[in-house]
Amino acid sequence: MARNSVLQDFLDAALAAFDHVAQDQNSRRSLAQIAANLEAPQPARTGIAKRLPVCSRLLDGILATKTGQHVLDRLIERFEQLEPMLEWKGRSSHDSSASENFPTSHANALVVGPGGLEDRRDVWLGATLMAPNVRYPDHDHAPEETYLVLSDGEFRHGDSGWFAPGVGGSFYNSPGIRHAMRSGEKPLFAFWALLPDRPKN
Ligand SMILES: [Fe+2]
């Protein structure tokens, strides 16, 4: 089975960019397994494309941003080509840790993963965008996760304080760790790559 070339080109650019920026040894191990899993395409869903109002407000500006780093700009370009095929969704639940404007001010797109464009269970890879001055709720999940941040914005995990990885920043979330993100005066845009079944050593 061949993968749609727009999706394949995006995945190639995403894996190259994640690999370029990841410092954490856990991220590097996780990303190597994610790349290996993605070598085998799975069926893609069609006709799922959907933008939320927050996407229409923010995406053009976000995707027009040039980072000056070739590997990141290529990822943004390839995402722009893929984006018309994606289904953007709001998070289904949140608690009082989220800002009041959260429900209408964020969107997540799952490129690969359960219910994503390529519907599979062994890798989750997608993006989150948030309008300015939005706080994503504290949340956790069993899969380990590596972030690739492409905007301003702050993050925290476990007992850490808020930190700003900056454009091209990357960090690792261990399985089950509580984490969150918040935007400041500018929109937040980040990719994440999750590995549900970490191989046992
Ligand atoms: Fe997460």
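Let me begin with terms: two strands pair if DSSP finds at least two bridges between them, and strands (E, at least two residues) and helices (H or I, at least four) are DSSP runs, numbered from the N terminus. This is a predicted model, in which local features need pLDDT of at least 70, side-chain atom pairs count only at pLDDT 80 or more, and totals for chains, interfaces and linings use all residues. Residues are numbered from 1 along each chain as its sequence is written, and side-chain values use heavy atoms, with hydrogens and water left out.

Lys 89 stands opposite Asn 108 in β2. Strands β1 and β2 (residues 106-112) pair in the antiparallel sense over two bridges. Helix α4 (residues 70-82) packs on the sheet and touches β1, β2, β3 (124-130), β4 and β8, where contact means heavy atoms within 4.5 Å.

In which order do the six strands of the open sheet run? The order is β1-β2-β3-β8-β4-β6, with antiparallel pairing. The edge strands, β1 (88-89) and β6 (169-173), each pair on one side only.

Glu 145 in strand β4 and His 179 in strand β7 (residues 179-182) link distant parts of the chain, 34 residues apart. Both Glu 145 and His 179 are buried, that is, under 20% relative accessible area with a 1.4 Å probe, protein chains only.

How values were computed
Axes fitted to C-alpha atoms, helices over the stretch in contact; angles between N-to-C directions. Buried < 20%, exposed > 50% of the residue type's maximum accessible area, 1.4 Å probe, protein only.
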